[in-house]
Amino acid sequence: MLETSSRLLRLLSLLQNPREWTGTELAERLGVSTRTVRNDVERLRTLGYPVHGTRGSAGGYRLGAGARLPPLLLDDEEAVAVAVGLRTAAGGTIAGVEETSQRALAKLEQVLPDRLRRRVNALQTYTVRVPATSPVPQVDAETLAVLTFACRDHERLRFDYRGHDGTESRRVVEPYRLVNWGRRWYLVAWDTGRSDWRTFRVDRIVPCLPTGPRFTPAEPPEDAIERVMRGVSSAAWRHRASVTVHAPAEQIIDHINPAVGTVEAIDEHTCVLHTGADTLDSLAVHLGLLGTPFTVTEPPELVDLLRELSDRYRDAVPAHLPPRGTTSPDS
């Protein structure tokens with residue numbers, strides 16, 4: 001009986017992988033005959049596990065979604081990963097899941113073996129979270145679910161939206177993707193009123209239910225992640241600059257991501273980098289890290305700062321030191 005129970009747990013663990021197993025594959029993994037596999041599958045069904053089977057040479061077994069949540073079989077690394085994920089969710093930015101995550105974590109820790117409980121406790125005891133430098137916006141879990149289902153089902157959305165300047169508007173969009181960046185959530189959607197692709201902060205969205213009619217989804221001209229990174233970063237810039245870089249556009253694109261700026265080719269050897277930063281000092285440093293010659297003509301404040309920095313760097317090197325790779329006259 002003990003051997004059978006152990007084999008059933010092993011079979012259930014295999015079936016929890018999101019794939020379809022043939023009877024022969026399961027028999028080889030368990031070291032039994034295909035007839036024993038069929039008998040064990042029937043035992044799992046009797047216990048309430050929805051094991052679906054298809055006949056034929058291409059048939060097999062897979063675990064379906066049941067009316068109740070069956071026990072999950074996790075290996076050591078999976079159990080630790082789930083515990084860490086629940087701990088992170090308990091202190092995250094989605095409102096309404098903190099208490100749920102704490103309850104699930106308590107249940108998981110209760111059934112963990114001692115060796116795994118010690119690992120999880122060590123992670124919790126000896127790791128700390130850096131507090132946010134500014135209030136972190138929380139996203140309503142129900143709102144997140146509504147947006148996700150609308151993206152999945154290709155249903156139009158109506159919602160009230162509060163812009164960064166506090167103005168409110170009613171928007172009708174065709175949702176495309178939700179993007180999670182750091183501690184914020186964004187919705188990328190086609191705005192039917194503006195006839196353009198737009199990015200919306202989810203914590204500023206109040207959906208109007210029910211959702212609208214279905215639509216045929218369109219692909220945006222750029223990757224959703226790149227759009228969010230570029231749009232969010234540029235919106236936060238206090239200082240902007242268009243810099244002529246004396247290098248091929250492909251070379252500069254390889255060195256930056258959309259959060260830094262966009263690159264526009266002029267010819268085979270020159271391009272323009274549209275970039276910005278919260279401070280002029282940061283912008284000047286980033287330009288220096290390009291590792292290639294560039295020309296800045298505006299804004300005037302940046303031009304003045306680069307002149308000041310060039311003088312400062314020149315004065316930092318004593319005049320009597322020869323360039324590297326050369327010898328002094330006295331040597």
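The following legends describe close-up views of a predicted model.

**Figure 1. Overall composition of the protein.** The predicted model contains eleven helices and 13 strands. Of its 331 residues, 33% count as buried. Among contacts in the protein with a separation of 6 or more, 54% are made by residues 24 or more positions apart.

**Figure 2. Packing of helix α10 against helix α11.** Helix α10 spans residues 280-288 and helix α11 spans residues 300-315; the two pack at an angle of about 65°, and their axes are 10 Å apart. The crossing is right-handed. From α10, the residues in the contact are Leu280, Asp281, Leu283, Ala284 and Leu287, and they meet Glu301, Leu302, Leu305, Leu306 and Leu309 of α11. By class, the residues of this contact comprise eight nonpolar and two charged, with no polar ones. Residues three or four places apart in an α-helix point the same way, because such a helix has 3.6 residues a turn.

**Figure 3. Helix α7 and its two ends.** Helix α7 covers residues 141-153, a run of 13 residues. From first C-alpha to last, α7 reaches 18 Å, close to the 18 Å expected at 1.5 Å a residue. Its buried residues are Thr143, Leu144, Val146, Leu147, Ala150, Cys151 and Asp153. The N-terminal end of α7 is capped by aspartate 140, a side-chain oxygen of which lies 3.1 Å from the backbone nitrogen of glutamate 142. Just after the helix comes histidine 154, whose phi is positive, about 55°.

Figure 4. Tyrosine 161 belongs to strand β5, which comprises residues 157-162. With a relative accessible area of 9%, tyrosine 161 falls under the 20% cut-off and therefore counts as buried. When neighbours within four places in sequence are left aside, tyrosine 161 is in contact with Thr167, Glu168, Ser169, Arg171, Thr199, Phe200, Arg201, Arg204 and Ile205. One of these residues, arginine 171, is ten residues from tyrosine 161 in sequence, and the C-alpha atoms of the pair are 6.9 Å apart. The tyrosine 161 side chain also reaches the backbone nitrogen of arginine 201, at 2.9 Å.

Figure 5. Most peptide bonds are trans. The bond from leucine 209 to proline 210, however, is cis, with omega near 0°. Proline 210 is located in the loop between β9 (205-208) and α8 (224-236). The bond from glutamate 298 to proline 299 is likewise cis, and its omega is near 0°.

Figure 6. Most residues other than glycine have a negative phi. Histidine 154 is not a glycine, yet its phi is positive at about 55°. At 31% relative accessibility, histidine 154 is partly exposed. Serine 195, also a residue other than glycine, has a positive phi near 50°. The loop that holds serine 195 lies between β7 (184-191) and β8 (196-201). Serine 195 has a relative accessible area of 51%, which is over the 50% cut-off, so this residue counts as exposed.

Definitions and conventions:
Residues numbered from 1 in each chain as written. Predicted model: local features only at pLDDT ≥ 70, side-chain atom pairs only at ≥ 80, totals over all residues. Heavy atoms only, no water. Axes fitted to C-alpha atoms, helices over the stretch in contact; angles between N-to-C directions. Helix = DSSP H or I, 4+ residues; strand = E, 2+ residues; numbered from the N terminus. Left-handed = near helix turned anticlockwise from the far one by under 90°. Contact = heavy atoms within 4.5 Å. Nonpolar A, V, L, I, M, F, W, Y, C, P; charged D, E, K, R; others polar. Expected span 1.5 Å × (residues − 1). Buried < 20%, exposed > 50% of the residue type's maximum accessible area, 1.4 Å probe, protein only. Polar contact = N/O pair within 3.5 Å; in protein donor to acceptor, adjacent residues only side chain to side chain.
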